[in-house]
Amino acid sequence: MGTRRVGHARIRALINENNNLMSIRKPRYVSGTATSTLTAEQSGRTVLVGGAAAGLAADTVFTLPGAEDGLNYRFVYVGNAADAQDFMISTGADANFFFGGVFQHDIGGEDGAVYHPDGNSNSTCNILTPDGGTEVEVWCDGTNWLISGFVNSATNTGVVFDDQS
């Protein structure tokens, strides 16, 4: 056996490979227990809404970053029971409104309905008293936000689209 010389380029490649493997282990989620503004760097991550035991402490607003093509976020309610609080997804400006729709299942009334934004200024989506199984995803086309999802709620109208207040 002899000694083997390793060049600077090979050492750099090994360091980069190691960094890439370490980044795979980084959590791909954001904890969503309080009002916050998401960043473009968090795009592609799942926002876990409500802590499993405590749920949401108060009505919570998640503001999306400025419109940029390719951004996307997934919101999943992970409370241990139906929450007494609501959460809102906001684009931050009526000029960057929602297109799409969200299906809501009324747990108590056992009926369902699809709710749509107005397609010209509704830039907030309120999810009222979410329960397990609630998942909403949004994608940005560079100007507006596309929304789709499923909401479990014991409220008759569990999804409300509106303009900025």
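Val6 belongs to the segment before helix H1 (8-24), where helices (H or I, at least four residues) and strands (E, at least two) are DSSP runs numbered from the N terminus. With a relative accessible area of 47%, Val6 is partly exposed, a class that lies between buried (under 20%) and exposed (over 50%), judged with a 1.4 Å probe and protein chains only.

Helix H1 also holds Asn19, which is partly exposed at 40% relative accessibility. Asn19 and His8 stand 11 residues apart in sequence, and their C-alpha atoms are 17 Å apart in space.

## How the model is read

Residues are numbered from 1 along each chain as its sequence is written. Because the model is predicted, local features need pLDDT of at least 70 and side-chain atom pairs count only at pLDDT 80 or more, while totals for chains, interfaces and linings use all residues, and side-chain values use heavy atoms, with hydrogens and water left out.

## Aromatic pairs

A pair of aromatic rings is described by the distance of the centres and the angle of the planes. Rings of Phe, Tyr and Trp (its six-membered ring) pair if their centres lie within 6.5 Å, and planes under 30 degrees apart count as stacked, over 60 as edge-to-face and the rest as tilted. By this rule the model has 6 aromatic pairs. In one of them, the ring centres of Phe97 and Phe99 are 5.2 Å apart and the planes meet at 70°, so this pair is edge-to-face. Phe97 counts as buried at 13% relative accessibility, whereas Phe99 is partly exposed at 34%.

Phe98 and Phe161 form an edge-to-face pair as well, with 6.1 Å from centre to centre and 65° between the planes. Phe98 lies in strand S7 (residues 98-106) and Phe161 in strand S12 (residues 159-162), so the pair ties together parts that are 63 residues apart in sequence. Both Phe98 and Phe161 are buried. Elsewhere, ring pairs link Phe62, Phe75 and Phe87 into a cluster.

## Charged side chains

There is 1 salt bridge in the model, a salt bridge being a side-chain nitrogen of Lys or Arg within 4 Å of a carboxyl oxygen of Asp or Glu. The side chains that meet in it are those of Arg74 and Glu135, at 2.8 Å from N to O. Arg74 lies in strand S5 and Glu135 in strand S10 (residues 135-140), so this pair ties together parts that are 61 residues apart in sequence. Arg74 is partly exposed at 31% relative accessibility, and Glu135 is partly exposed at 34%.

A negative surface patch is formed by Glu41, Glu68, Asp69 and Asp141. Here Lys and Arg count as positive and Asp and Glu as negative, with His and the chain ends not counted, and the place of a charge is taken as NZ of Lys, CZ of Arg, CG of Asp or CD of Glu. Glu68 sits in the loop between strand S4 (60-63) and strand S5 (72-77), and at 44% relative accessibility this residue counts as partly exposed.

Val136 is placed in strand S10 and is buried, with a relative accessibility of 1%. Although Val136 and Tyr73 are separated by 63 residues in sequence, their C-alpha atoms are 8.5 Å apart in space. In the loop between strand S9 (124-127) and S10 lies Thr129. Most residues other than glycine have a negative phi. Thr129, which is not a glycine, has a positive phi of about 40°.

Thr91 is found in the loop between strand S6 (87-90) and S7, where it is buried with a relative accessible area of 5%. Gly119, in the loop between strand S8 (111-115) and S9, is partly exposed at 25% relative accessibility. Gly119 and Asn144 are 25 residues apart along the chain, and their C-alpha atoms are separated by 9.6 Å.

Terms used:
Patches are made of residues with over 30% relative accessible area and no salt bridge: like charges are joined within 9 Å, nonpolar side chains (Val, Leu, Ile, Met, Phe, Trp, Tyr) within 5 Å. Accessible areas come from the Shrake-Rupley method with a 1.4 Å probe; for residues, only the protein chains shown count as cover.
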